[in-house]
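Welcome, and thank you for joining this short tour. Please open your viewer and get ready to select a few residues as we go.

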Amino acid sequence: MGLVTRFGFPVWMVVVGLGLVAWRSDAAQGMAPRTRYEPNWASLDQRPLPRCKHHDGFTLWPSKHSFSWNSMDVGPKRDIVKELAAAVRGVSDLKFGLYYSLFEWFNRLWIDDKLHLLMQQHFVDQKVRPEQLDLVQEYLPEIIWSDGDWEAPAKYWKSEQFIAWLYNDSPVRDTVVTNDRWGMGTACKHGDFYNCADRFNPGVLQSHKWENAFTLERSSWGQRFDVSLSNFMSTKDLIKEIVTTVSCNGNVLINVGPTKYGTILPIFEERLRDMGRWLKINGEGIYGSVPWIYQNDTETPNVWYTRGQQAESNSSIAIYAFVLDYPYDTNELDIHPLGKEVTISRNVHLTGLDFGTNGEVLTKQTTKVVMLGMGNTKVQWTSSHNKLHIKFPPKNHMDKRGLDYAWTLKITIT
């Protein structure tokens, strides 16, 4: 899904790594030694957004303002941010971004500022701003994902000054995008894309670009060991979250918790690779798509829609219908891509095409239906005014081609 921003910067999916978060100094000492830490995240072919500093204040780069509380001085003795950025940029054209927490639980400057009712900004001046500038100038991130803002207003964090510099004078001013977590009251109001809240998925169309940030392990943003299989999203759950988000003009941010060795647990890797295989088949209806005039089918549950951003010609449109529940009982289902009613004025206004109202709207002469991933296999269908009755190809043929989790019908109308 193309992220519509100031620069048309195409960001659809981000994988966040919350690893190497050390709660105590002895935990940091227990992190992977230099010879064993080998990040392999770039091979997952997503847009990484590592948490270079979380609320504990431990930085994954040699920050000069972390008082030896960083990955170069303790733990792996390496610049994790630098190595990950090089790994990502060296194997692909993926965009590299960074998560940065504004506040820190235990930082004495932050605690002192709070004791002074935020009337002083020593923590911002001596810790936050120098690190923000260092990260941008040293690692050139094209996504800045701010967090940890909720205990103080944007004026305390001096967010306006930083963003003004970021957009106008920084070395990434022509490409960078940001989220909306820059101080109390800024969520869902300011930013190239809105986070609003964790796991935000309104299920209805949003006018401003937004993001659904969620975790594959349902209850934690970090790594846990006291978990069972039920704590993890299934691949089908993951695909559903993607489809319902993109249909409503959102993009997704998926959190996984790497180990202290820089590796991703097999269950996380399996989910991400399943997602990658699904996108390889169905990504045409996701990447570069825009919301359709209807986000989901109110007559047939769990059918969601997007529209191709670039029509094959000025007189045609491509609608993608994602079927989340397979019709096992009949192998057939009805969908209503044009809604319940069809009128000339409504469709000209919303789609730019005059479908007319006399006789059938969706006919063999005007409409083509294919299933993504099925090649030249013809999909049998009939129509009744604005309703399409679809007969799925044989299930064994779809299984052989790897079609699973959600099935995408491409409906081209001329």
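Which residues does Leu238 touch, not counting residues up to four places away in sequence? Keep in mind that this is a predicted model. Now select Leu238 and show its surroundings: Phe214, Leu216, Met233, Ile254, Arg271 and Met275 are the residues in contact with Leu238.

Next, widen the view. Leu238 is among the residues with the most contacts inside the largest nonpolar core, together with Leu216, Ile242, Met275 and Trp278. This core has 31 residues. To see where they come from, colour β6 (210-215), α7 (235-247), β7 (250-256), α8 (266-282) and β10 (317-323), the elements that each give two or more residues to the core. Helix α8 provides the largest share, six residues.

For the last stop, select residues 108-115, helix α3, and residues 122-139, helix α4. How do these two helices pack? Their axes are 8 Å apart, at an angle of about 155 degrees. Because that angle is over 145 degrees, α3 is roughly antiparallel to α4. The crossing of α3 and α4 is left-handed. Finally, show the side chains where they meet: Leu109, Trp110, Asp112 and Asp113 from α3, and His122, Phe123, Val124 and Gln126 from α4.

Methods
Residues are numbered from 1 along each chain as its sequence is written. This is a predicted model: local features need pLDDT of at least 70, side-chain atom pairs count only at pLDDT 80 or more; totals for chains, interfaces and linings use all residues. Side-chain values use heavy atoms; hydrogens and water are left out. A nonpolar core is a set of buried Ala, Val, Leu, Ile, Met, Phe, Trp, Tyr and Cys residues joined through side-chain atoms within 4.5 Å. Buried means under 20% relative accessible area, exposed over 50%, partly exposed in between (1.4 Å probe, protein chains only). Helices (H or I, at least four residues) and strands (E, at least two) are DSSP runs, numbered from the N terminus. Contact means heavy atoms within 4.5 Å. Axes are lines fitted to C-alpha atoms, for helices over the stretch in contact, and angles run from 0 to 180 degrees between N-to-C directions. Angles under 35 degrees count as roughly parallel, over 145 as roughly antiparallel, 65 to 115 as roughly perpendicular and the rest as oblique. A crossing is left-handed if the near helix is turned anticlockwise from the far one by less than a right angle, and right-handed if clockwise.
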